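Please take the sequence and the coordinates together, and follow the account below with the viewer open.

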2 protein chains.
Amino acid sequence: MTPGAGDKALGSSEDARVARTRADVARAALEVLTSEGSDAVTHARVAEIAGYSKTTLYTHWPSRVDLIALALDALGELPHHEQSGVLRDDIIGELQAFRQGITDMRLDRILTGMAQWASVEEMREIRDKINNSGQGPMRAMLGNVFDGAELEAALSMLTGVVACPSIMFGSLPDDDVIAAAVDIVLRSASRSG
Amino acid sequence: MTPGAGDKALGSSEDARVARTRADVARAALEVLTSEGSDAVTHARVAEIAGYSKTTLYTHWPSRVDLIALALDALGELPHHEQSGVLRDDIIGELQAFRQGITDMRLDRILTGMAQWASVEEMREIRDKINNSGQGPMRAMLGNVFDGAELEAALSMLTGVVACPSIMFGSLPDDDVIAAAVDIVLRSASRSG
């Protein structure tokens, strides 16, 4: 059957309702993920925060990984440093923005939430999108001074100077540790040619 | 009442039974954590694997974080490289041992399991013990060529070259990326004096 004008109107209104439910539940799931951790992202808890029934949530998002993927989809723009053109300052600024994002947006909980379901196929796309968007500016900057295996190594290493203390010890690096990391990497780059 | 010989014997036998239960449940919790991820570490699942009742588990370990802490306590020795005395080889070997531990012992799941409860006070001691034991040999080696903020930075960075791809993308670095990371750090150290 070809949809007529009436069907289209009905479809649009139904679509709008579904889209609104999706947005509400996604926001609630993200709120639970960042404020309570991935362990708390259950149908019961997200339904409570979103103000929908558990049945509605189970109908649209049958498993917990669906709720996590929905939360990640609602994450929006990741924090980045506005670049000045001075490489050392810009890399330091980018790492400080990442550190700030751990404090303000609880990116550490986003990271561990993603990591928990790293092997689930349906998480791969959203996970890669978020991680690539998070590392994008840093990759571009490091690409000015490194390539190949050294570029991959430098990117993981500088991400690690913020991510590792956070994930392993629940702590964040001071400004002097961030600056020391950038200096180690850039000093090495300038001598490698 | 002063305990007599009979009480002592009873106490010992009771202690032995509790210790055996604890060891069985700890092994089961670790098995669930590494084979299914921290999300699966529930009283129901661990009881099933350990062959004890859920009631027994709830009595001794009332919350899920108790089960995670118990699992981590059963982890045992972390994999380390046998040192040759050649710094570059030994750091590369240590990172390869860490990478092997992610494959063999699913240290990535241990890391994300710990990270999820990073802010829970009762996890702090066991988490710090495991992380310090994991990073210990690397810290000692890097301490030969760095100190202060640069030592902290180099330690987080080299941990990150293995941990970050694993946590962010579910992948592991090739040998050439590990070697590139070590060369970036050591090249910088040799020129910093």
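Predicted model: local features only at pLDDT ≥ 70, side-chain atom pairs only at ≥ 80, totals over all residues.

Residues are numbered from 1 along each chain as its sequence is written, chains are lettered from A and ligands numbered from 1 in the order in which they are written, and side-chain values use heavy atoms, with hydrogens and water left out.

Between the two chains, 46 residues from chain B meet 46 residues from chain A, where contact means heavy atoms within 4.5 Å. Together chain B and chain A bury about 3,800 Å², 64% of it on carbon and sulfur atoms; buried area is the accessible area (1.4 Å probe) that two parts lose on being put together, summed over both. On the side of chain B, M157(B), M168(B) and F169(B) lose the most area to chain A, and together they account for 18% of what that side buries.

Four salt bridges are found across the interface of chain B and chain A, a salt bridge being a side-chain nitrogen of Lys or Arg within 4 Å of a carboxyl oxygen of Asp or Glu. D39(B) forms a salt bridge with R64(A), their closest N and O atoms being 2.1 Å apart. Helices α6 (107-116), α7 (121-142), α8 (148-169) and α9 (175-191) of chain B each supply at least two residues of the side that touches chain A, and the largest share, 17 residues, comes from α8(B). Helices here are DSSP runs (H or I, at least four residues), numbered from the N terminus.

Within chain A, nine of the ten residues of helix α4 (residues 64-73) are buried, so this helix is largely enclosed by the rest of the structure; buried means under 20% relative accessible area, exposed over 50%, and partly exposed in between (1.4 Å probe, protein chains only). Helix α4 of chain A includes D66(A), which is buried yet has no salt bridge, the nearest side chain of opposite charge, R22(A), being 9.4 Å away; for charge, Lys and Arg count as positive and Asp and Glu as negative, while His and the chain ends are not counted. Apart from residues up to four places away in sequence, D66(A) touches W61(A) and E122(A).

In chain B, V65(B) is found in helix α4 (residues 64-73) and is buried, with a relative accessible area of 7%. V65(B) and W117(B) are 52 residues apart in sequence, yet their C-alpha atoms are 7.3 Å apart in space. Beyond its neighbours within four places in sequence, V65(B) is in contact with W117(B), V120(B), E122(B) and M123(B).

Over all chains, the structure holds 26 salt bridges. One of them joins D175(B) to R99(B), with the closest N and O atoms 2.7 Å apart. Because D175(B) lies in helix α9 of chain B and R99(B) in helix α5 (residues 87-104) of chain B, the pair ties together parts that are 76 residues apart in sequence. D175(B) counts as partly exposed at 43% relative accessibility, whereas R99(B) is buried, with a relative accessible area of 17%. E152(B) forms a salt bridge with R139(B), the closest N and O atoms being 3.0 Å apart.
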